[in-house]
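Below is a short briefing on one protein model, arranged by topic. Please keep the sequence and the structure open while reading.

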Amino acid sequence: MNTRLLYVNILCLFFSGFSSTVPAEAVPGGIAIIDIREDARPQARYQGKQVMVTGRPGRWQAVVGLSLKTKAGLHRLQINSVSTDFTVTDKQYESQYITIKDRRKVNPNSLDMERIARDKQHIDEAKNTWTDREKDSMELILPVQGRISSPFGLRRFFNRQPRKPHSGLDIAAGEGTAIRAAAAGRVIKRGDYFFNGNTVFIDHGQGMITMYCHMNSIEVEEGQNLAKGEIIGSVGQTGRVTGAHLHWGVILNQTMVDPTLFIAGPANRKQQRE
Ligand SMILES: [Zn+2]
């Protein structure tokens, strides 16, 4: 490996070049930020997937999304033709027990399973979107004003049965409350899914995609360009829910990561603990 070209720094990293700081947490469900001292824009890949690169000549940063399934230890990032290792530390997330009255939403029948498989294909297509669009900021705004009712990463039990961990952030708000685009981008998909209900995906470039679920109304079309903060629809309770809320997901290199990492200000990050 060519160490002269690479400067790797993982712990306590901040986006020094950006208007605000986005703290890196190289943990499952977090992000690793790797500095790259190359003149030409490098290509970065992690587990075969293209990774976001931001910055400017001589001061690039690869921003790697780490799935909740990531194991602690050394991980490998491919930068152009060289590879470099970075360390992921463990993180324990709390458990959450939820009772769902509609048992079909916990133990779907065979027809439901066919629909869930079709939904997954549709959702994966959205998650796999890549556009080169340059990013001058990683910062996102909370799409809904409301109480954080369920943080990212919770290990979940529905009607006492273990299910996938919580891969987004839940914001509780009254049905009909406006949902806003977390950053400028383009609507790449909208759909109505078994678990997620009415859903919108917005592509922000460089593999960053935001996902808005359980919506009541959707007020945007596929292909529509959006400014940061533009209204895309309203809060609802479609899909598998216990009440009206927005389930908000943030995707990097096809992986769901903790949305609060991109929210500016300590106040917003603290809300997570409520
Ligand atoms: Zn949720």
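His166 counts as buried because its relative accessibility is 2%, where buried means under 20% relative accessible area, exposed over 50% and partly exposed in between (1.4 Å probe, protein chains only). His247 is also buried, at 9% relative accessibility. The model is predicted: local features need pLDDT of at least 70, side-chain atom pairs count only at pLDDT 80 or more, and totals for chains, interfaces and linings use all residues. Residues are numbered from 1 along each chain as its sequence is written, and side-chain values use heavy atoms, with hydrogens and water left out.

**Zinc site**

- The zinc ion has His166 (NE2), Asp170 (OD) and His247 (ND1) as its protein donors, at 2.0 to 2.1 Å.
- Donors are N, O and S atoms within 2.8 Å of the metal (3.2 Å for Na, K and Ca); water is not among the atoms, so sites may look incomplete.
- Along the chain, the spacing of the zinc donors is H-x3-D-x76-H.
- Strands (E, at least two residues) and helices (H or I, at least four) are DSSP runs, numbered from the N terminus.

- An open sheet of 6 strands runs in the order 1-4-3-2-5-6 with antiparallel pairing; two strands pair if DSSP finds at least two bridges between them.
- Strand 1 (31–36) and strand 6 (82–88) are the edges, each with a single partner strand, so one side of each has no neighbour in the sheet.
- From one strand to the next, the twist averages 30°; axes are lines fitted to C-alpha atoms, for helices over the stretch in contact, and angles run from 0 to 180 degrees between N-to-C directions.
- Strand 1 is mostly covered, with 6 of its 6 residues buried.
- Ile31, Ile33 and Asp35 point one way from strand 1, while Ala32, Ile34 and Ile36 point the other way.
- In a regular strand the side chains alternate between the two faces of the sheet.
- Strand 1 and strand 4 (residues 59–65) run antiparallel and are joined by 6 bridges; Ile34 has Ala62 as its bridge partner in strand 4.
- Strand 5 (residues 73–79) pairs with strand 6 in the antiparallel sense over 7 bridges, and Arg76 stands opposite Asp85 of strand 6.

- Another open sheet has 3 strands in the order 7-9-10, with mixed pairing.
- Strand 7 (95–98) and strand 10 stand at its edges with a single partner strand each, so one side of each lacks a neighbour in the sheet.
- Strand 7 pairs with strand 9 (residues 155–158) in the parallel sense over 4 bridges, and Gln96 has Arg156 of strand 9 as its bridge partner.

**Aromatic rings and charges**

- The whole structure holds 4 aromatic pairs: rings of Phe, Tyr and Trp (its six-membered ring) with centres within 6.5 Å, called stacked with planes under 30 degrees apart, edge-to-face over 60 and tilted for the rest.
- Tyr46 and Phe86 form a tilted pair, because their planes stand at 50°, with ring centres 5.7 Å apart.
- Tyr46, in strand 2 (residues 44–46), and Phe86, in strand 6, are 40 residues apart, and both are buried.
- Phe194 and Phe195 pair edge-to-face, 5.0 Å centre to centre with 80° between the planes.
- Phe194 is buried, with a relative accessible area of 4%, whereas Phe195 is partly exposed, at 25%.
- Lys105 lies over the face of Phe194, 4.0 Å from the ring centre; a charge sits over a ring if NZ of Lys or CZ of Arg is within 6 Å of the ring centre and within 35 degrees of the ring normal.
- Arg240 has its charged end over the ring of Phe158, 3.9 Å from the centre.
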